[in-house]
Structure formats: C-alpha cells, structure tokens
Amino acid sequence: MPVTARTLVKHLAARADGAVTVSGWVETVRDQKKVQFVILRDESGAVQLVNPATRELADDAGPKASAALALTEAISGLSHGSFLTVTGELKHDERVKLGGIEIKIATLEVVSAAPAEPPIAADSSLDKRLDWRYLDLRQPKHNLIFRIQTTLEHAWRTWWVDNGFIEIHTPKLMSSPSESRAELFQLDYFELGTAYLAQSPQHFKQMAQAAGFGKIFEISPVFRADPSFTSRHATEFISVDAEISWIDSHEDVMAMQEQLLAAGFEAVVEKHGDEIREQFGIELAVPALPFPRIPLHEARDIVKARGYEIPRTDGDLDPEGERQIAAHVKETYGHDFVFVTDYPTGIRPFYHMVDPETGLTKSYDLIYNGTEITTGAQREHRVEVLEEQARAKGLDPEGLEHYLDFFRYGIPPHGGFGMGLARVLMLMLGEASIREVTFLFRGPTRLAP
C-alpha cells in the first residue's frame, strides 16, 4: 500500500464521509454478540472501527456472507498491540464519543500480530515499563511528551537562528577531560591511548569563540560516569548549550537564556497547551521576563529563615534548599524560575571568571520548579588567569594545553550555559523522574533496551 493512501487519525475529522484507509495498532476490542468495536490508535490519535458481527452461515450462504464471517472471526482473534491496516467507510456521527467519527470495516489486514498477553500494564512499575519501553511509549501521554520535546527544541533552534547563532556539533570523543578526571567514561583509542566520552561540550564551545563564531548553540548527548540513582540524574543525557561573545557579565548570559526559554514555552503552550491540561492536569504558562535573580548568600539566608538548615559545608544549595528557595520565589514573585547567582570559587570550575571586587564567580544556577536545570557563567578569557585558577583547583596546566591554546591567540570576553533537556521536560510536565521523559534512559544499572 502506498504511504499516501493512508490517512492519519488526526485528519479524519476534516474528511468527508466515504472510503478511507487507516493503519495503526489495536488498543481495545469490544467483541459483542451483534456488533464488534475496535479502537485503533496511530501516532496521531485513536478512532473507533465498527463491524456488524456475522456469527454463523446459512446453508445457502454465498461468498459475501463467508467473507463477513471471516472478518468477524478475524476481529474476535485480534490481540492488544497488533498492527493493522483497515479500509472502510468513514462516517461522522455525533453519538460516537471518540471524536464523533467511526469507520465501518470493509477489509482488515493484520500486518503484525502481537501475543495475547502484553508484558506490561498501566500499573506496572517504572522499572518494568522501561524494560518494555517501546510498548510503554504507545500510551498517548508518553507520545505527547516527545511531541512537546520536538516543539520545544524547534522553538529554541528558531530563536537561536533568528538571533544570529551558529549551530555546531562538537565531538563526543575527547583526548583529555573537559574539567577533571571525575565522572568520566574512559576507553582505549587505537594507538593514541586513552580517550574520554565528553561530559560537556564546554571546551569546544569556547573554542568557537576563539574562532570568531560569536554566538553558538548545540543540542547533543553528554556522558557522566556518575553512580547517582536520583530521579534527576542519568549517565547519558541531552545537554542544551549556548555560548556568546562580547559580554559584560553573566547577566548577559542570563538575559539570553530567559528569552530562549520564554520562546520555547510560548511555542509549547500554543501547540500543546490543551493536551497538556488533559493528559498531565497542568495549566502551562509562558514565564514572565525577567526571571527573578537572587545572590547565593541571600538565597541561603532565605532558606534558613524558612526553617531549613542546609547540611552541605561547601556553601551550595542542596536539593531541599533548591525547593525552599523556589517556594519562596513562587510565594513572593509568582514565578516558577529563579536565577541564583554569584557562587564562591570553591564550588565552581576553574574556567569561571572571578569578580575581583567580591571574590565570587560571575556565575549562576537556574532553578525551575524547585530543581536546578542550568549552570551558566562568564568564562575567564585571560590565559594567565586560567592557568592560575587551574593550579588552584589542583589541575596541571600541562594536561590542559589543548584547551589553553584556544586563549593564546586572542579570544573575546564570553560566557554561556549548559541545560539538561530531560530536567526541563520533567519539571514542565510535573513528572517525578527524568526516566519518564527520556526516550531510552541510561543509568548505572540500565544499558538496555
């Protein structure tokens, strides 16, 4: 059958009554004595198929009656998840609850039959569902997640391109660690020795600034050999990165990111707002600009005043501290986002610029609905300062030569951010884990499917 002969379910309502062909998988079968109903779902929606049942043949039955009996028996034998191609007569009928349309079956072809008992059900555990992810993703709610992801990424790319950014694709095999040897996957790389899977495109984003690209972005996988089992960590995830030249401070990076996020949310609300309300029970709104900004030391004081003592000794917020500052911002400003700024050097990478007046880095974390989704900063562009800051972190500048060379031949002041795509989706849709919003999750105990 030519692809052009197939009609997507979402296009049926606009068609006039008459012959039609649809393809998809069996969601439910109601096999009643006099009539049979099949709910057929494709990637765009579900439609009701109907067949007047023929249960037995008269002695003088002809070919038409025999065909009707065969169709009835075929429908009775359908299993959940089987893929079908059906031709029939489309009819608009307001009495039909599912979309006000149905198709009277003329022919039915079982393209791929599924076993009678599926391996997972709606109440299966998350881990079990992930074992059978390709079946789990057939649910309308899960299908919607990845349509939202598509819209979000497209909106971000559109904003970047419209604002003069260049898209780059950085290598994921690196000859040296991007920050330190912690949380890195290592592998043998021919005669060159050890290679590392990139935990960040950070060095290459900065190289693009030395190349004179000005403004760049990338959406790509990164890898962290981090044995974390939290709901917001993965060993492989999609990082959303941007870097811009000729900035005055990290404030320029924050302004760029909040505009980008607002553009993405606007596209998602416009295209999927009603579906998000129906499937997730969330009234998604476009965040107002600018986002609130709170220096870290003030954020810690606010959290303490709310009755929570942060147990960390390095001065950073812990997950509960992030939730508390987010609750304060929601109560005070009615906002779901907050930039926490001005972090001490001890909890920031060596390449973050330090403000000489405060001794704090020109950096920020962006917290969304109580969880950190981004770290951003102005980068240090003076090579002698970079070398000094690397040594202060216990790093040998000789091991960073490929990176430091970017700065030896001139580079403009610059900064950028890295943001976890799955975290944004998880928090946007109120899901409990990034596993729910990742196509195929990778963690310390999961390497398949």
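Student: Let's start with a strand pair: over how many bridges do S8 and S9 pair?
Tutor: Keep in mind that this model is predicted. S9 covers residues 194-197, and Gln-186 stands opposite its Tyr-196. S8 and S9 pair in the antiparallel sense, and the number of bridges is 3.

Student: What is the strand order of the open sheet of 3 strands?
Tutor: The pairing in this sheet is antiparallel. S7 and S8 stand at the edges, each with a single partner strand, so one side of each has no neighbour in the sheet. The order is S7-S9-S8.

Student: And the barrel, in what order do its 5 strands close?
Tutor: Strands of a sheet pair through backbone hydrogen bonds, either parallel or antiparallel. Here the pairing is mixed, and the order is S1-S2-S3-S5-S4. On average, neighbouring strands of this sheet are turned against each other, direction ignored, by 55°.

Student: Which helix packs on that sheet, touching S1, S2, S3 and S5?
Tutor: The helix in question spans residues 63-76. Its direction makes about 75° with that of S5, and its name is H1.

Student: Do S3 and S5 run parallel or antiparallel, and what about S4 and S5?
Tutor: S4 and S5 are joined over 10 bridges, with Gly-88 facing Ile-105 and Leu-84 partnered by Val-110. That pair is antiparallel. S3 and S5 have 3 bridges, and Leu-49 stands opposite Ile-103 there. The sense of S3 and S5 is parallel.

Student: Back to H1: is Leu-69 buried or exposed?
Tutor: Leu-69 is found in helix H1. Leaving aside neighbours within four places in sequence, Leu-69 is in contact with Thr-54, Arg-55, Glu-56 and Leu-57. Its relative accessibility is 14%, and the cut-off is under 20%, so Leu-69 counts as buried.

Student: How far apart in space are Leu-69 and Leu-57, C-alpha to C-alpha?
Tutor: In sequence, Leu-69 and Leu-57 are 12 residues apart. In space, C-alpha to C-alpha, the distance is 7.4 Å.

Student: Now helix H7: why do its buried residues line one face?
Tutor: The buried residues are Leu-296, Ala-299, Ile-302 and Val-303. Seen down the axis of H7, they line one face because they fall within an arc of 115°.

Student: What do those buried residues of H7 pack against, and which exposed residues sit on the face turned away?
Tutor: The packing partners are strand S12, helix H8 and strand S13. The face of H7 turned away from the buried side carries the exposed residues Asp-301, Lys-304 and Ala-305.

Student: Which residue with positive phi follows H7?
Tutor: H7 runs over residues 296-305. The residue after the helix has a phi near 95°, and that residue is Gly-307.

Student: How many of the 9 residues of helix H5 are buried?
Tutor: Helix H5 is mostly covered. What covers its buried residues includes S7, S10, S11, H10 and S16. Among the buried residues are His-203, Phe-204 and Ala-208.

Student: Which element gives the most to the largest nonpolar core?
Tutor: The core has 48 residues, and Trp-156, Trp-160, Met-256, Phe-417 and Met-428 touch the most other members. Elements that give two or more residues to this core include H4, S10, S11 and H11. The biggest giver, with 10 residues, is H6.

Student: What does Met-428 touch, not counting residues up to four places away in sequence?
Tutor: Met-428 is one of the residues that touch the most other members of the largest core. Its partners are Ile-148, Leu-152, Phe-265, Val-268, Ile-282, Leu-284 and Tyr-368.

Student: Last one: which residue has its backbone nitrogen 3.0 Å from a polar atom of the Ser-433 side chain?
Tutor: Ser-433 is found in the segment after H11, and at 6% relative accessibility it counts as buried. Leaving aside neighbours within four places in sequence, Ser-433 is in contact with Leu-126, Ser-231 and Met-426. The backbone nitrogen at 3.0 Å belongs to Arg-435.

Notes:
Residues are numbered from 1 along each chain as its sequence is written. This is a predicted model: local features need pLDDT of at least 70, side-chain atom pairs count only at pLDDT 80 or more; totals for chains, interfaces and linings use all residues. Side-chain values use heavy atoms; hydrogens and water are left out. Buried means under 20% relative accessible area, exposed over 50%, partly exposed in between (1.4 Å probe, protein chains only). Helices (H or I, at least four residues) and strands (E, at least two) are DSSP runs, numbered from the N terminus. Contact means heavy atoms within 4.5 Å. The arc is that of the directions from the helix axis to the C-beta atoms. Two strands pair if DSSP finds at least two bridges between them. Axes are lines fitted to C-alpha atoms, for helices over the stretch in contact, and angles run from 0 to 180 degrees between N-to-C directions. A nonpolar core is a set of buried Ala, Val, Leu, Ile, Met, Phe, Trp, Tyr and Cys residues joined through side-chain atoms within 4.5 Å. A polar contact is a pair of N or O atoms within 3.5 Å; within protein, one must be able to donate a hydrogen and the other to accept it, and residues adjacent in sequence count only if both atoms are side-chain atoms.
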